[in-house]
Amino acid sequence: MTERNVLAPTTSAATPARPARRVHYAWVVAGVSLLVLLGSAGFRSTPSLMMDALHNEFGWSLGTISSATSVNLTLYGLTAPFAAALMDRFGVRLVVVCALLTISVGSGLTMLMREPWQLVLCWGVLVGLGSGSMAGAFATTITGRWFRARQGLVTGVLTAAGAAGNLIFLPVGAWLVEHHGWRSAVVVVSLAASAVAVPVLLLMRERPADIGLLPYGATEAPPAPAADGRALARTLRVLRDAARTRAFWLLAGSFAICGATTAGLVGTHFIPAAHDHGMPVTTAASLLAMIGLFDVVGTIASGWFTDRVDSRLLLVVYYGLRGISLLLLPQLLAGSLQPPILAFVIFYGLDWVATVPPTVALCRRHFGEDAPIVFGWVLASHQIGAAVVAGLAGFARDALGNYDATWYGAGALCAIAVGLCLALRGTCPARPVPALS
């Protein structure tokens, strides 16, 4: 099989026609995936906007509200490896559409809640399950099936969609919460999740072979995927096998710290922490969105570097720089926009999820065709780390009256992550990356 081309009409007998090259359909699939991940990130960012509003309306403590975010982050992570196997079993399109509709229902039901357990059920369980089905394992599955060339770059672009989603949703959501109440924001999330399902139904395809193509950059057809209807069994088997390797635990440990110091702490608590210093919620949300803007640049650049530089070295640099920025943050927060906090936004934003492309590359190197599921489990550790810190930071704020201790603790965690990545250095010699099914 070869890529389809549309032949231009022959202009003369002496001048042979040149084929007019069409855009490879892998880029269409990547574009739809980008839209899905943009929406998924925006849906997850909404709880941080509602913390003060829910506290004022219902009298719930920040620790109580954070517990729903912790459940959301935990299920987001634990769902990812099973979602990768379910995509192999039932197809990407069906799994993603069901996930989007689950988010729509969970977000919509939030408008009716009166008790904290209802927040945990709607935003913690339903939205967590839905967004987890479109987590990093989804991007890994898409890049593994559709691309042989530019895998690192495409992984970086899809990962950056998370930051771009925050860039879009946070300012809009903050404006809605401030001017029309938190319920207006969850209505927008519910409708947007349903809308994103439409292009998935119309344009998503499972594999290049389904439309007579090779993966982008491939010169020969990949082996046919193994038929295995036991998605749950395969997911657990892959975990069992991966857990016997040192590389898995080093990747999972460092990525747990990544989640703790991004989604768990900054993603959940930056807005209320800035508000503690007198900064308006809309201003704080705009700063968090700016972090997303620079994260787009940083993550795409990280994908480019991942195709060219040792992934382990990249992770050491990323975690080291992140730790320094978090140690400085308590001295930078103020009631208004100042140059120091803007410098933090730029510096930290470039590093936010730049860790993902090299971590995915290391999963591919060590675990071959099981890489999407293994990365799903590594991502689960990321979200468990995020969930633990999201909850602990809320209770620490209730007990201590500020977030300073959490920022210093996060900086120390980054130093541990650097050590884990250095320990990964000798675990596996570099070898050609096996073709992913």
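The secondary structure of the protein chain consists of 16 helices and two strands. The model is predicted. Of the 437 residues in the protein chain, 54% count as buried.

The largest nonpolar core contains 116 residues. Within this core, the residues with the most contacts are Val96, Phe138, Val266, Phe344 and Trp407. Helix α1, which spans residues 25–58, gives the most to the core, with 13 residues. The surroundings of Phe138 were examined with residues up to four places away in sequence not counted. On that basis, Phe138 touches Ser33, Val36 and Leu37, together with Met87, Val92, Val96, Ser133 and Met204. Val96, one of the residues in contact with Phe138, is also listed among those with the most contacts inside the core.

Helix α16 (residues 404–423) packs against helix α12 (residues 311–328), their axes coming within 8 Å and crossing at roughly 165 degrees. An angle over 145 degrees counts as roughly antiparallel, so α12 is roughly antiparallel to α16. The crossing of these two helices is left-handed. On the α12 side, the contact is made by Arg312, Leu315, Val316, Tyr319, Gly320, Arg322, Gly323, Leu326 and Leu327. The α16 side contributes Trp407, Tyr408, Ala410, Gly411, Cys414, Ala417, Val418, Cys421 and Leu422. By class, 13 residues of the contact between α12 and α16 are nonpolar, three are polar and two are charged. Trp407, which takes part in this contact, is also one of the residues with the most contacts inside the largest nonpolar core.

Helix α16 is also in contact with helix α9 (residues 246–264); the axes of α9 and α16 come within 9 Å and cross at roughly 160 degrees. The helices α9 and α16 are therefore roughly antiparallel, and their crossing is left-handed. In α9, the residues involved are Arg246, Leu250, Gly253, Ser254, Ile257, Ala260 and Thr261. Their counterparts in α16 are Ala410, Leu413, Cys414, Ile416, Ala417, Leu420, Cys421 and Ala423. The contact of α9 with α16 comprises eleven nonpolar, three polar and one charged residues. Ala410, Cys414, Ala417 and Cys421 of α16 take part in the contact with α9 and also in the contact with α12.

A further contact of α12 is with helix α13 (residues 339–351), where the axes come within 9 Å and cross at roughly 150 degrees. This angle makes α12 roughly antiparallel to α13. The crossing of α12 and α13 is left-handed. Tyr318, Leu321, Arg322, Ser325 and Leu326 of α12 meet Phe344, Phe347, Tyr348 and Asp351 of α13. These residues divide into six nonpolar, one polar and two charged. Arg322 and Leu326 contribute to the contact with α13 as well as to that with α16. Phe344 of α13 is listed among the residues with the most contacts inside the largest core.

Alanine 386 lies in helix α15 (residues 371–400). This residue is buried, with a relative accessible area of 0%. Neighbours within four places in sequence aside, alanine 386 is in contact with Leu73, Ala256, Gly259, Ala260, Ala263 and Gly264. Alanine 386 and alanine 256 are separated by 130 residues in sequence, while their C-alpha atoms are 7.1 Å apart in space. Ala260, one of the residues in contact with alanine 386, also takes part in the contact of α9 with α16.

Technical notes
Residues numbered from 1 in each chain as written. Predicted model: local features only at pLDDT ≥ 70, side-chain atom pairs only at ≥ 80, totals over all residues. Heavy atoms only, no water. Axes fitted to C-alpha atoms, helices over the stretch in contact; angles between N-to-C directions. Helix = DSSP H or I, 4+ residues; strand = E, 2+ residues; numbered from the N terminus. Parallel < 35°, antiparallel > 145°, perpendicular 65-115°, else oblique. Left-handed = near helix turned anticlockwise from the far one by under 90°. Contact = heavy atoms within 4.5 Å. Nonpolar A, V, L, I, M, F, W, Y, C, P; charged D, E, K, R; others polar. Core = buried A, V, L, I, M, F, W, Y, C linked by side-chain atoms within 4.5 Å. Buried < 20%, exposed > 50% of the residue type's maximum accessible area, 1.4 Å probe, protein only.
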